[in-house]
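Subject: Model handover

Hello,

Here is the model we discussed. Please look it over alongside the notes below.

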Amino acid sequence: MKQPTLEQQQIIQHNKGAALVYAVAGAGKTTCLTQRIARLVRDGIFRPERILATSFSRESVKDIQSKLAGGPEVQRVQVKTLHGVGLHVLKKAVQMGLLPEFKSEADSEATRSRLIKQVLRESRLRGLPIPDHFDLEDFMNYVGSCKASLKYAELLEWDFPETALKVISQAEAPEGLPHYLELYRAFERHRERENFITFDDMIGLAWDLSVKNPDLMEWVSSQYDCVLIDEFQDLNLAQSEFVHLLVQNHLNIMALGDDDQTIYSWRGSSPEFIRNFQQRYAARKYHITHNFRSCATHLALANFVISQNENREVKHLRLTRGFEGITEVHGVDSQFESAKRIADQIEQNLEKGFKVQDHAILVRTYAMTPFIETEFIERQISYRILGGHYFYKREEIRVLLDYLRVARTLYQLQTGTKLDPVQLRDLKTQMLSIIGSPRRYITRQYINSLFIRLLGQEDHLLAQIQLDSENPNHQRFQHGLQALHFVLDSLARMVAYDAEAYAVLENLLYWTDYEQHLLATTADPELAEARMLGARNLIRYASGKGNTEDFLQHMEFVMFRETTLDAISDERVLITTPYRAKGLEWPVVFVPGLNEGSVPSMRSLEDPAQLEEERRVLYVCITRAREQLYLYHTDREDAPPISRFLLGKNEEKADPEDLYTYQNVLQEVGHIQQALQKPEEEPLTPQDVHALVRSVADHHFRTYLQHYAYHHFDLDHLMVLSSKVLGAAEGLKALSHFTEEELTVWESYGQAPEPMQFTQKDLEVYARTLNLHASRSA
């Protein structure tokens, strides 16, 4: 950050007492936070070791640490995540005898997985009705959300002081998932028995022990004299209440964040915590609104999208970087065409001098990436996925590839090939992978015994499966063995006939009824459909890549290449979700899949609060771009409509001319740019004047013209333009009624109005423009 703006200087100069900072995307709030810390230490307001700078995310904390690294006077400032603070409290509780020695998820990530598997196994034995397609990730999200919201599995109210009872509650099972609550209780019993602390417990349990034990409470509230919290909008109830314990003795707390970027409700975050902060702490409120990241079309579109939300702190992104950026919205025929367009644009950018790592693709869910990944592999565009798996490592694709591997091995065995120990181990692993897709009730014990019985005679594997399918000792899964034998035998025959890999895969999906399998084993129907699209995309990708052996060798090379690149380089296109992208930025951003049912998601359509969060997700995507932003939606006749977030609030407007959508926003910004660049010898039209006065005000560009435009335009040109605008506005006042506030920006250049006359035809055309503008505004 260069010279701080007036907004930023006010925050840096804040000494003591509670403060709330609403900072729009790209406003440099973390730099502002660290400059305030440095000044507090330099001026002796607080000792550095008594200052805590914290946030929910590791990324935010790393950013704070890097920005503080330059000053020796701030080296002793405490910078850690809220989870780190909570863990410190738990260790103190152990020292005080309030908690037994524990192991945490930070030390042993496998423990949580083992515990939940144990809980599921025991619960099924007790007869708890748990469906076959139990969604482990969804259940753990439920547990995490309960703990984040201080919703206890078994609430014992008498354990808590009266003040704590106002925020805690008994957890309830989600609608349609009654077994979740009982599983939550069982998980907590197992966790406590093993003295295991999950990430979700690090803050909730620290708060719990503190409010129940006055000595610990006193210790917690005396650790810091000043607390600064970045990304406050991401806090949940447990974190918010825990922070209150840290500051309750002095209230020297500064919260920085943006309610327009609250997108983690699934883990308990809510914009209400930042919105209620001012009232809770009698805090002084500040705004930082100058965006130093994006260009005019990006900010105008972002303001347009987020202004449709009703429950928000009203603020606007203000332009500083000018009009050179690109924003384009494209309709495409399919996800495949979207992937091709993205790849085309990246290749064009690379020719212009962009680096491959300058590009990011933000997907609503990782299920959308297979089309993009396969197109990139074809074009040899290197990429990486942050927070998800490469498409070929996902369960639905990995199983299909394992079927092909088994079929290839069976054919090799039939031709007399002997397997070495590594090949034998791989075959067994692949068999274990495929037996449950689709569900055949074949057990792992059976596969283990099968390989023991066939040791050295693996070429008899298919024949042995057929024999076992007639054996009454395997009555429970006889039909499953018959179905497995049919599929494997058919696949091996196709491999023997040297069939194309895509044809083998097509038949495999048909013989296994793979689509029905995915529907039956995926709790979310939308996710099941996305997974099926990924499987079909594998067939498309296999086309033209030879037989099964050729295709598997190709896939093994792809896996080796991506694994190697993961280890040695980040210089690749990044594919991730908006949830992982918050706080990051790139020169070029792509956002595919902007259709109803995806953005916004189908589940949010009946919930106004969720719908507003979905709109915030798109806002986060848009505000990641520095130079170029490309948005894609499917526009086939049978496709869902384009996202309502790009169309604005036009529900009651039947006349298409009255609609005000993203197209109007981008057109208006384009007209402003054209008018600003107009040669001095050319006269302004009434529409030019409207763009430079009314549209500039509507899109919140006045700050740019007052403080930043001289970086991009010759000052003499701007002064001449201001004279022409003021003169034209005078000539149009009978029609336009430009306000004093709208004209102030042009008056600030100190130039006298240049009288300007317009023809009657010009005025008639402009009158129609004004009527249309008024209709849209209404």
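I start with the strands. Strand β8 (residues 226-230) and strand β9 (residues 253-257) run parallel and are joined by three bridges. Pairing here requires that DSSP finds at least two bridges between two strands. Helices (H or I, at least four residues) and strands (E, at least two) are DSSP runs, numbered from the N terminus.

Some ground rules. This is a predicted model, so local features need pLDDT of at least 70 and side-chain atom pairs count only at pLDDT 80 or more, while totals for chains, interfaces and linings use all residues. Residues are numbered from 1 along each chain as its sequence is written, and side-chain values use heavy atoms, with hydrogens and water left out.

Back to β8. L228 has M254 as its bridge partner in β9. Strand β2 (residues 51-55) also pairs with β8, in the parallel sense, over five bridges. There, A53 is bridged to L228. Five of the five residues of β8 are buried, so the strand is largely enclosed by the rest of the structure. Buried means under 20% relative accessible area; exposed is over 50%, and partly exposed lies in between (1.4 Å probe, protein chains only). C226, L228 and D230 point one way from β8, V227 and I229 the other.

Next, the helices. Q478 sits in helix α20 (residues 478-496). Its relative accessible area is 18%, so Q478 counts as buried. Leaving aside neighbours within four places in sequence, Q478 contacts S469, E470, N471 and P472. Contact means heavy atoms within 4.5 Å.

Helix α21 (residues 501-512) has 12 residues and reaches 16 Å from its first C-alpha to its last, close to the 16 Å expected at 1.5 Å a residue. That expected span is 1.5 Å times one less than the number of residues. A501, A503, V504, L505, L508, L509 and T512 are the buried residues of α21. They pack against α16 (395-414), α20, α22 (514-521), α23 (525-542) and α24 (548-568). D513 follows α21 and has a positive phi, near 50 degrees.

Last, a helix pair. The axes of helix α28 (residues 662-676) and helix α29 (residues 686-698) come within 9 Å and cross at roughly 115 degrees. Axes are lines fitted to C-alpha atoms, for helices over the stretch in contact, with angles from 0 to 180 degrees between N-to-C directions. From α28, the contact uses E668, H671, I672, A675 and L676; from α29, Q687, D688, A691, L692, S695 and V696.

Best wishes
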